[in-house]
Number of protein chains: 2
Amino acid sequence: MSERVYNFSAGPAVMPITVLEKIQEHMLCLPGVGASIMEISHRSEAFKEILASAQSNLRSLLAIPDDYEVLFIQGGSRLQFSMIPMNLLSPEQPSADYLITGAWGKHSLNEANKHGDMKTVWSGQDTNFDRLPSSGDSGGKWRPTPNAAYLHYTSNETIQGVQFKDVPDTGDTPLVCDMSSDFLHRPVDVSKYGLIYACAQKNAGPAGVTVVIVRKDLIADVSEDLPGYLRYQNHAAADSMMNTPPTFGIYVLKLITDWLQEDIGGLAKMHELNGAQAKLLYDVLDANSEFYEGHAQPECRSLMNVTFRLPSKELTQKFLAEAASKELKSLAGHRSVGGIRASIYNAMPTSGVECLRDFMEDFCKQNS
Amino acid sequence: MSERVYNFSAGPAVMPITVLEKIQEHMLCLPGVGASIMEISHRSEAFKEILASAQSNLRSLLAIPDDYEVLFIQGGSRLQFSMIPMNLLSPEQPSADYLITGAWGKHSLNEANKHGDMKTVWSGQDTNFDRLPSSGDSGGKWRPTPNAAYLHYTSNETIQGVQFKDVPDTGDTPLVCDMSSDFLHRPVDVSKYGLIYACAQKNAGPAGVTVVIVRKDLIADVSEDLPGYLRYQNHAAADSMMNTPPTFGIYVLKLITDWLQEDIGGLAKMHELNGAQAKLLYDVLDANSEFYEGHAQPECRSLMNVTFRLPSKELTQKFLAEAASKELKSLAGHRSVGGIRASIYNAMPTSGVECLRDFMEDFCKQNS
């Protein structure tokens with residue numbers, strides 16, 4: 001086996017090595033089953049137990065109240081961008097509010113606009129999404145539109161590296177959150193939300209499974225005329241098995257949530273660890289602010305995606321090349337932000353962050 | 001590692017053991033990458049090569065002409081049931097024809113009817129889907145509706161075990177085929193089709209990736225108002241990466257199509273092998289027709305799913321229990337057909353079929 005590198009990919013992203021080892025061990029034969037997880041019926045007892053266990057792990061980690069469904073759906077966040085307006089808008093409430101804090105918020109708004117005239121109640125576009133509303137003084141205020149069907153926001157913008165620390169207050173308007181890139185990295189008060197969704201490929205599993213946590217009353221009476229796969233209630237009624245679910249992905253999600261509970265000790269612990277790791281990198285930015293320019297305003301900094309620029313394109317290329325030679329990989333920033341993005345999701349070992357921190361300090365010294 | 005059983009699951013289903021071993025070997029480190037296939041960006045060179053290789057394997061195995069797209073989409077056949085009418089119907093052609101030869105055809109029709117008034121041009125419902133149209137004399141004839149946008153049929157009905165041997169002739173009407181349960185088990189003249197789709201979890205990979213092969217002209221001018229994920233052209237324009245695709249599933253599909261090309265020697269060889277294996281079981285039914293009652297009319301018998309009933313419910317239970325004790329698993333028929341269903345997809349080793357054949361002969365002798 002070749003050596004594993006430190007993988008700062010923004011997603012699909014690093015996974016706990018103990019989880020990968022378990023998948024490897026049981027690849028040919030799930031214990032007691034005599035076949036691979038990929039080979040067994042989704043209706044088998046063995047798989048039903050895995051699905052139930054994935055759900056109950058999520059319920060326990062996030063203290064999800066009983067009046068919420070926990071669904072596993074295919075199609076990524078992209079399909080959620082459509083399903084949310086298709087299920088939650090109604091003739092009485094034909095519009096919804098959107099907070100646009102980065103690239104993913106924009107995508108979700110564009111899809112929703114196919115189904116009604118959405119209201120952008122706040123946008124960070126003018127400052128290239130380096131800040132958030134109501135976070136300290138930088139962002140400015142917003143107010144909900146009366147009679148909005150819901151308010152949608154993105155808790156962590158992967159590309160820009162801005163992350164909400166608090167939950168926006170919408171009064172009675174259901175809050176809908178794209179939590180794809182910071183799901184399961186901190187405790188969440190689910191009761192404040194109408195719907196939370198997260199594609200798995202950051203903190204929860206492989207690409208191809210999306211977790212949807214939704215308040216039951218919001219989806220109960222949605223029209224049966226919707227395309228069947230796009231109607232949440234169909235998934236809820238069939239316990240996420242209206243058709244063959246992505247069985248392998250759900251299995252991996254189950255193992256990762258086991259790891260969060262048993263090895264990490266829950267989401268409060270996970271959050272502490274993530275905070276400490278992110279601090280290692282942000283401290284380098286702050287101590288060398290003549291050289292490294294952080295993209296996010298300090299009060300909005302993401303604990304998942306650390307984004308910063310170097311003084312020149314040449315230095316950025318040099319940084320990436322030298323980092324890669326030290327097995328620090330997938331650090332290039334998105335073209336819309338430039339520079340460097342270090343994604344340090346749950347499974348990134350502290351040794352990887354320390355290694356990057358040391359490299360950043362050395363690189364700064366040698367190139368200032 | 002516990003022992004592998006012979007797994008006759010209808011899907012997700014048995015996979016080639018050499019493929020499982022390769023996945024296992026590279027689970028922690030894809031060669032030259034230093035990370036698991038699940039951990040790397042879909043935009044990485046390593047994954048783009050895997051995706052391109054999966055596509056070119058399919059193009060080569062099925063001799064897919066250049067004017068067809070090869071797409072990988074999430075959501076299973078169930079999402080295709082909606083996407084097909086949403087993309088292929090138009091104000092000028094607001095209806096399509098459906099051949100209903102089993103459970104899956106019915107599901108696809110029900111979804112399509114949400115988008116227009118589909119025509120059922122043939123149905124096998126009256127004989128519990130034991131036969132097909134125009135196959136020998138048993139099925140009866142059908143004729144296409146003038147101006148139908150397409151004709152949809154299911155080449156192999158997994159639950160009933162009936163399989164088309166020929167391609168229905170629709171003249172100029174585009175032919176749309178749900179090939180989920182017999183995809184990649186025989187050569188196909190793709191040029192006869194407008195669109196072929198197949199969820200992977202029978203012959204092509206794990207659950208969570210669906211292959212769509214579609215003639216480019218049919219999808220080029222579809223309205224951009226469709227939900228983004230449901231518009232084929234969006235997937236085509238982004239080469240199946242309009243969002244993060246199910247990277248692991250595509251990787252496994254690549255390995256399985258490698259196996260089909262390199263180990264099996266292509267689809268003509270695969271079809272020969274499948275024919276020989278199915279014959280082992282159908283010969284037992286024919287030689288013991290007082291005891292075993294095949295569900296499908298002989299001329300429609302599936303090479304993938306062998307369906308039959310025993311003289312009583314008690315004997316069926318006894319058959320299942322004794323088979324299981326010999327490590328012959330997942331043989332229960334679907335409740336709508338009853339009895340036994342032996343799914344013998346591409347990766348089922350001949351030894352497994354021989355073992356089942358021997359068991360069926362013994363069981364018949366001892367219980368007649």
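**Annotated positions and cores**

Guide: In this predicted model, A:K202 is in contact with A:A10, A:G11, A:A13, A:V14, A:T158, A:S180, A:S181 and A:Y345, leaving aside its neighbours within four places in sequence.

Visitor: What does UniProt place at A:K202?
Guide: The unreviewed UniProt entry gives the feature "modified residue: N6-(pyridoxal phosphate)lysine" at A:K202.

Visitor: And where in chain A is A:K202 found?
Guide: A:K202 sits in the loop between β9 (195-199) and β10 (210-215) of chain A.

Visitor: Is A:K202 buried or exposed?
Guide: A:K202 counts as buried because its relative accessible area is 12%, and the cut-off for buried is under 20%. A polar atom of its side chain lies 3.0 Å from the backbone oxygen of A:A10.

Visitor: Which feature does UniProt place at A:R43?
Guide: The record, an unreviewed entry, lists a "binding site" at A:R43. A:R43 belongs to the loop between α1 (17-25) and α2 (45-62) of chain A.

Visitor: Why does A:R43 count as partly exposed?
Guide: Because A:R43 has 48% relative accessibility, which falls between the limits of 20% and 50%. Not counting residues up to four places away in sequence, A:R43 touches A:K48 and A:M241.

Visitor: Changing topic, how many residues has the largest nonpolar core?
Guide: The largest nonpolar core has 122 residues, and A:F183 and B:F183 have the most contacts inside it.

Visitor: What does B:F183 touch?
Guide: Beyond four places in sequence, its contacts include B:L58, B:L62, B:I196 and B:V211.

Definitions and conventions. Residues numbered from 1 in each chain as written. Chains lettered and ligands numbered in written order. Predicted model: local features only at pLDDT ≥ 70, side-chain atom pairs only at ≥ 80, totals over all residues. Heavy atoms only, no water. Core = buried A, V, L, I, M, F, W, Y, C linked by side-chain atoms within 4.5 Å. Buried < 20%, exposed > 50% of the residue type's maximum accessible area, 1.4 Å probe, protein only. Contact = heavy atoms within 4.5 Å. UniProt positions renumbered as here; feature names shortened; annotations may be inferred. Helix = DSSP H or I, 4+ residues; strand = E, 2+ residues; numbered from the N terminus. Polar contact = N/O pair within 3.5 Å; in protein donor to acceptor, adjacent residues only side chain to side chain.
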